[in-house]
Amino acid sequence: MSAKRTDSNSYTIIFSLVMVVVVGSLLAFFANFTKDLRVKNDQVKAQIDILSAIGVPAERSNATEMFEKYIKSQKVIKGTEVSDDDKAYLIDVKKELDIAKNGGVQRLPLFVAEKDGKTIYILPVRGNGLWDAIWGYIALNDDLKSISGVYFDHKGETPGLGANITETFFTDDFKGEFIYDASNTFKGVEISKSNADPNNQDKKDNQVDAISGATITGNGVGAMINSGIRSYLPYFETLKK
């Protein structure tokens, strides 16, 4: 009799429902239990990434200490208003871009660092690669016309191709590259597959050598950098004055 009950459709349905409830409850418990840890990990990761843009290596064990050492101030630009905010590094850039796309005024976080006696301005950028989102940080020298360093990451670019935007052989080429032309017009940076400067010795051509086989990802990086920096140009003009 009991065997027939366990073989019945009703038993299968009830057992499945119970398992769904039990597993769902366990997942919810562990998600809530580890929430603070995950938030802390995200915060530390953001600090490490920002420091990477200025060539400062950091680990989870010392990220906050290094961040406080090199990042002298954090600012939030919203329209014409600029305010200091020591939590600016926690701003969700994706959400802010969505706000701008929907006609709102986005918040732009900006980090002012000091390294080797020089001031460096770091700003986040976000865009699209071949398969999914790409993002990173651009560090500008105190002239606000040339790049001090960059950091890039991605969600799902092709290994060995587009995923190489994270590699130093690509990111190092941006160091010293000018984002303005000879007439002082903003040009940004083009990721060029026809660039006749494979060793990237010409820093005033507004071009960086592309990654072979990753044209779409490279174009995405260029568009991301240029649109990202362009959002900050009005504020940068006030600094130059």
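Strands β3 (residues 108–115) and β4 (residues 118–128) run antiparallel and are joined by five bridges. This is a predicted model. Across the pair, Ala113 stands opposite Ile120 in β4. The β3–β4 hairpin has two residues between its strands. In that hairpin, Asp116 takes a positive phi near 55 degrees.

β4 also pairs with β5 (residues 133–140). The pairing is again antiparallel, with eight bridges.

Now move along the chain to Asp197. This residue lies in the loop between β7 (190–192) and β8 (207–209). Asp197 is buried, yet has no salt bridge. Lys203 carries the nearest side chain of opposite charge, and that is 7.0 Å away. A salt bridge here requires a nitrogen–oxygen distance within 4 Å. What does Asp197 contact, leaving aside its neighbours within four places in sequence? The partners are Asp202 and Asp205.

Step back to the whole chain. Its secondary structure comes to seven helices and eight strands. Of the 241 residues, 40% are buried. Contacts also reach along the sequence: among those between residues at least 6 apart, 52% join residues at least 24 apart. The surface comes last. The protein chain exposes about 14,100 Å², and carbon and sulfur atoms supply 54% of that area.

How values were computed
Residues are numbered from 1 along each chain as its sequence is written. This is a predicted model: local features need pLDDT of at least 70, side-chain atom pairs count only at pLDDT 80 or more; totals for chains, interfaces and linings use all residues. Side-chain values use heavy atoms; hydrogens and water are left out. Helices (H or I, at least four residues) and strands (E, at least two) are DSSP runs, numbered from the N terminus. Buried means under 20% relative accessible area, exposed over 50%, partly exposed in between (1.4 Å probe, protein chains only). Lys and Arg count as positive and Asp and Glu as negative; His and the chain ends are not counted. Contact means heavy atoms within 4.5 Å. Accessible areas come from the Shrake-Rupley method with a 1.4 Å probe; for residues, only the protein chains shown count as cover. Two strands pair if DSSP finds at least two bridges between them.
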